[in-house]
Amino acid sequence: MAKAKKIARREWTKADVKQLKTMAKARAGVTKISKSLKRTPGATSVMAAKLGVSLSMRG
């Protein structure tokens with residue numbers, strides 16, 4: 001049986017939140033923002049929803 005992968009969780013720092021907000025304002029998109037923050041797209045979109053930030057790339 002394969003060993004389950006340990007999930008490493010990192011807290012969201014103020015710098016992470018600031019970068020998320022600025023990139024969202026620039027309409028960077030979820031995948032680009034998540035790669036920049038070294039987080040999953042799911043975690044990025046959940047945090048954006050908590051902050052009330054739209055990650056839509058539409059103008």
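Visitor: What percentage of the 59 residues in the protein is buried?
Guide: Buried residues make up 25% of the 59. Buried means under 20% relative accessible area, exposed over 50%, and partly exposed in between, with a 1.4 Å probe and protein chains only. This is a predicted model: local features need pLDDT of at least 70, side-chain atom pairs count only at pLDDT 80 or more, and totals for chains, interfaces and linings use all residues. Residues are numbered from 1 along each chain as its sequence is written, and side-chain values use heavy atoms, with hydrogens and water left out.

Visitor: How many helices and strands are there?
Guide: Three helices and zero strands. The pattern along the sequence is α-α-α. Helices (H or I, at least four residues) and strands (E, at least two) are DSSP runs, numbered from the N terminus.

Visitor: What about overall dimensions?
Guide: The C-alpha trace spans about 50 × 25 × 20 Å along its principal axes.

Visitor: And contacts: what share comes from residues 24 or more positions apart?
Guide: They account for 59% of the contacts with a separation of 6 or more. Contact means heavy atoms within 4.5 Å.

Visitor: Switching to backbone. What is the phi of Arg27?
Guide: Near 55 degrees, a positive value in a residue other than glycine. Arg27 sits in the loop between helix H1 (14–25) and helix H2 (30–37).

Visitor: Where is Lys38?
Guide: In the loop between H2 and helix H3 (41–51). Lys38 has a positive phi of about 55 degrees, although it is not a glycine.

Visitor: How accessible is Lys38?
Guide: Lys38 counts as exposed, at 71% relative accessibility. Arg27 is partly exposed, with a relative accessible area of 38%.
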